[in-house]
Amino acid sequence: MDAKAMSGTESGREPAGGPDGQAAGQAAGPRHPALAAAVETIRAQGHAFVEPAALREAAAGRLEGEAWAAFARSWDDLRPDTYMADGGRYRLRRHAAFHAAPGGEVGRLPDRPHYQTLHHNPLNGGLERWFEPVTEEVAGGEALRALLGTARAVFDHLSPGAEWLIEMHQFRIEARGEAQGKPTPEGMHRDGVDYVLVTLIGRHNVQGGVTGIRVDGRAGEESFTLEQPLDSVLLDDHRVWHGVTPVLPLDPAQPGHRDVLVLTFRREG
Ligand SMILES: [Fe+2]
């Protein structure tokens, strides 16, 4: 608690400052050491993991207790993705868009469609997809604000002075019986933005869901599994291709699911 107070996290509640307590425009990097390290790791390797403990610490209580529980519970209230070109009905989601000017607050934009080119998403791209909006309660909630600020603290330092279009995706991939759920039915891909945060919200009765990444076009994939709530990876979407293997129920008699938050950052100016 002392460390949090000393790092100024309590004063970082305004989005402009970032919940990790970093002052807007500060050049030295995010104040939390794990986030400062993530900046350097992304520069060197295109992606970085941030441990749940570091995220919680940087969020000064906003990713714990009822704030976190309410956020995670909101994944029980997603809506079917009806645009699945493979006919799959295993993906539930909600979507929201935000804008952030340099040094300014993160503000929610009016609902808009999600669009990816066919180049970036050969399966489901090439059309405007309207998804059920993220609820106001979730979009304005402490947990999301903390994660938005954390991601921004990192990405602002990788791309100084950026004006961001931020898209938020709540995803649930369901697995039932023999029916596998595919987190990335399009296969290995880029999202078509600048930076991405992927945070695991939870896994319930599922196996699989292994993330594979390929960095800088090098041969071979690196793979890892986001296992615990708040396990997170931040990546440079220009350098990193990513994909996730299907999920199947651990106990086939029961349904399972994998819940993920994705925040994409695209530089607008
Ligand atoms: Fe993706």
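Strand β10 (residues 211-215) and strand β11 pair in the antiparallel sense over three bridges, where two strands count as paired if DSSP finds at least two bridges between them. Helices (H or I, at least four residues) and strands (E, at least two) are DSSP runs, numbered from the N terminus. This is a predicted model, in which local features need pLDDT of at least 70 and side-chain atom pairs count only at pLDDT 80 or more, while totals for chains, interfaces and linings use all residues. Residues are numbered from 1 along each chain as its sequence is written. On these terms the protein has six helices and 15 strands.

**The sheet around β10**

- The pairing of β10 with β11 belongs to an open sheet of three strands, whose order is β11-β10-β13 and whose pairing is antiparallel.
- Because β11 (222-224) and β13 (240-244) stand at the edges with a single partner strand each, one side of each is left without a neighbour in the sheet.
- From one strand to the next the twist averages 20°, with axes taken as lines fitted to C-alpha atoms, for helices over the stretch in contact, and angles running from 0 to 180 degrees between N-to-C directions.
- Opposite β11, Gly-212 faces Ser-223, and Ile-213 stands opposite Glu-222.
- The hairpin of β10 and β11 has six residues between the strands, and in this hairpin Asp-216 takes a positive phi near 55°.
- On the β13 side, five bridges join β10 to β13, the two strands running antiparallel, and Val-215 has Val-240 in β13 as its bridge partner.

**Strand β15 and its partners**

- Nine of the 12 residues of strand β15 (residues 256-267) are buried, so this strand is largely enclosed by the rest of the structure; a residue is buried if 20 or more other C-beta atoms lie within 10 Å of its own, exposed if 12 or fewer, and partly exposed in between, with C-beta atoms placed from the backbone.
- Strand β7 (residues 164-175) is joined to β15 by 12 bridges, and the two run antiparallel; within this pair, Trp-164 stands opposite Arg-267 in β15.
- Strand β8 (residues 195-204) also pairs with β15 in the antiparallel sense, over nine bridges, and Leu-200 has Val-260 in β15 as its bridge partner.

**Helices α4 and α6**

- The axes of helix α4 (residues 65-73) and helix α6 (residues 142-158) come within 8 Å and cross at roughly 90°.
- That angle makes α4 roughly perpendicular to α6, given that angles under 35 degrees count as roughly parallel, over 145 as roughly antiparallel, 65 to 115 as roughly perpendicular and the rest as oblique.
- Ala-67, Trp-68 and Phe-71 in α4 meet Glu-142, Ala-143 and Leu-144 in α6, two residues being in contact if their C-beta atoms, placed from the backbone, lie within 7 Å.
- By class, this contact of α4 with α6 has five nonpolar, no polar and one charged residues, where Ala, Val, Leu, Ile, Met, Phe, Trp, Tyr, Cys and Pro count as nonpolar, Asp, Glu, Lys and Arg as charged, and the others, Gly among them, as polar.

**Burial and the nonpolar core**

- Buried residues make up 43% of the 269 residues in the protein.
- The largest nonpolar core has 56 residues, and those with the most contacts inside it are Leu-147, Leu-148, Ala-151, Ile-166, Leu-234 and Leu-263; such a core is a set of buried Ala, Val, Leu, Ile, Met, Phe, Trp, Tyr and Cys residues joined through C-beta atoms within 7 Å.
- Helix α6 gives the most to this core, with nine residues.
- Among contacts between residues at least 6 apart in sequence, 77% join residues at least 24 apart.

- In helix α3 (residues 52-59) the buried residues are Ala-54, Leu-55, Glu-57, Ala-58 and Ala-59, and just after α3, Ala-60 takes a positive phi of about 50°.
- Ala-53, which has its place in helix α3, is exposed, with 11 other C-beta atoms within 10 Å.
- The C-alpha atoms of Ala-53 and Asp-231 are separated by 9.2 Å, although these residues are 178 residues apart along the chain.
- Pro-110 lies in the loop between β4 (106-108) and β5 (114-115), and Pro-110 counts as exposed because it has 6 C-beta neighbours inside 10 Å.
- Between the C-alpha atoms of Pro-110 and Pro-133, which are 23 residues apart along the chain, the separation is 9.7 Å.
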